[in-house]
Amino acid sequence: MLRSLSEDVVVNIKDRLRDMRHLVRSSRHDNPGGPRRPQMAEPFAPPPEIERLLGRAASVVDDTLTVAETVSRTLLPMVRTGDSARLHGFDTYFATGRSATVEGERLFRRDLYAAFKAMPRKAVGDRLPLHEAGFSQAHLAVRKKHGGLLTAMHIASPESRLEAVAAVAAATFVELLACQPRSGDEAMVPALVPLAPMVLAAAILTLSPSGMSDADLLEATGMAVDARRERILRALDGANPANELGAIFRVLLAHLP
């Protein structure tokens with residue numbers, strides 16, 4: 001329990017530091033479209049001259065942090081907890097039993113966040129970074145709110161397993177989006193690209209072990225998501241996103257490797 005508590009504290013501290021780094025980076029003077037600031041700060045915007053000076057100061061800080069990161073990784077290489085992460089199926093992430101639940105949550109957070117970090121920069125975009133703690137919150141939300149779907153997946157017959165896994169994948173995707181920081185719905189579209197392929201990849205691994213690497217699996221699911229982007233967005237805006245997404249994911253999983 002103490003180990004789990006300490007991990008939660010570390011994860012939350014790392015999330016706060018990532019938010020601060022994102023704020024500094026988005027405040028650079030050479031940021032496309034000019035320095036950006038939180039909406040709550042708009043009424044207190046400084047004069048243009050002061051804002052330009054602050055933007056240049058943010059650029060200096062950001063450049064210094066970037067150099068420090070590069071030097072530290074070169075001189076002090078370390079093995080990170082996410083370096084050995086590899087995606088698993090939902091039957092591993094949502095296994096039954098107390099100890100299995102704790103380990104499933106840890107793997108869910110570690111594996112999916114590591115997969116997100118490995119996504120190409122152009123796919124992830126320059127948006128508010130995902131919170132690592134949000135993956136733990138999503139895992140808990142799926143267990144609490146979609147327990148029936150998890151039970152159906154565990155007891156599903158071979159004929160109904162595809163539909164059951166697709167339903168769990170849809171519910172997981174919805175909860176992942178709900179547990180990430182967002183302002184209105186502006187995070188919906190950029191969050192779609194890195195999160196949906198990871199969920200579909202986990203669904204494929206649930207249905208049958210894959211000999212593909214995580215990179216190849218994510219590339220295949222990423223292309224499938226891109227092809228159905230508009231339908232997925234419409235489903236997210238619907239009255240019951242999980243049900244509508246379940247139908248879309250069922251079709252995709254039937255044709256993915």
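Helix α12 covers residues 241-255, and its 15 residues reach 22 Å from the first C-alpha to the last, close to the 21 Å expected at 1.5 Å a residue. The expected span is 1.5 Å times one less than the number of residues in the helix. Helices here are DSSP runs of H or I with at least four residues, strands are runs of E with at least two, and both are numbered from the N terminus. The model is a predicted one, in which local features need pLDDT of at least 70 and side-chain atom pairs count only at pLDDT 80 or more, while totals for chains, interfaces and linings use all residues. Residues are numbered from 1 along each chain as its sequence is written, and side-chain values use heavy atoms, with hydrogens and water left out.

Within α12, the buried residues are Ala 242, Leu 245, Gly 246, Ile 248, Phe 249, Leu 252 and Leu 253. A residue is called buried when its relative accessible area is under 20%, exposed when it is over 50%, and partly exposed in between, using a 1.4 Å probe and protein chains only. Phe 249 touches Ala 166, Ala 169, Ala 170, Phe 173, Val 199, Leu 200 and Ile 232, residues up to four places away in sequence not being counted. Contact here means heavy atoms within 4.5 Å.

Ala 169 counts as buried because its relative accessibility is 0%. With neighbours within four places in sequence left aside, Ala 169 is in contact with Phe 90, Val 199, Ala 203 and Phe 249. Ala 169 also lies 10.0 Å from Val 142, C-alpha to C-alpha, although 27 residues separate the two in sequence.

Phe 249 also belongs to the largest nonpolar core, which has 50 residues; Phe 90, Tyr 93, Phe 135, Phe 173 and Phe 249 are the members that touch the most others. A nonpolar core is a set of buried Ala, Val, Leu, Ile, Met, Phe, Trp, Tyr and Cys residues joined through side-chain atoms within 4.5 Å. Helix α9, residues 188-207, gives the largest share of this core, 10 residues. In soluble globular proteins, nonpolar side chains tend to be buried together.

Rings of Phe, Tyr and Trp (its six-membered ring) pair if their centres lie within 6.5 Å; planes under 30 degrees apart count as stacked, over 60 as edge-to-face, and the rest as tilted. By this rule there are six aromatic pairs. In one of them, Phe 90 and Phe 94 are tilted, with 6.1 Å from centre to centre and 35 degrees between the planes. Both of these residues, Phe 90 and Phe 94, are buried. Phe 94 and Phe 108 also form a tilted pair, because their ring centres are 5.8 Å apart and their planes stand at 55 degrees. Phe 94 lies in the loop between α3 (90-93) and α4, whereas Phe 108 lies in helix α4, so this pair ties together parts that are 14 residues apart in sequence. The relative accessible area of Phe 108 is 0%, so Phe 108 is buried. Phe 90, Tyr 93, Phe 94 and Phe 108 form one aromatic cluster.

Helix α4 itself has 20 residues, 98-117, which should span 28 Å at 1.5 Å a residue; the end C-alpha atoms are 29 Å apart, which agrees. The buried residues of α4 include Leu 107, Phe 108, Arg 109 and Leu 112. Why does Arg 109 count as buried? The reason is its relative accessibility of 7%. The side chain of Arg 109 makes a polar contact with the side chain of Glu 132 at 3.2 Å. A polar contact is a pair of N or O atoms within 3.5 Å; within protein, one must be able to donate a hydrogen and the other to accept it, and residues adjacent in sequence count only if both atoms are side-chain atoms.

Helix α10, residues 214-227, contains Thr 221. Thr 221 is buried, with a relative accessible area of 0%. Residues up to four places away in sequence not being counted, Thr 221 touches Pro 197, Leu 200, Ala 201, Ile 204 and Leu 256.

Finally, the protein as a whole has 12 helices and zero strands. Of its 257 residues, 40% count as buried. Among contacts between residues at least 6 apart in sequence, 72% join residues at least 24 apart.
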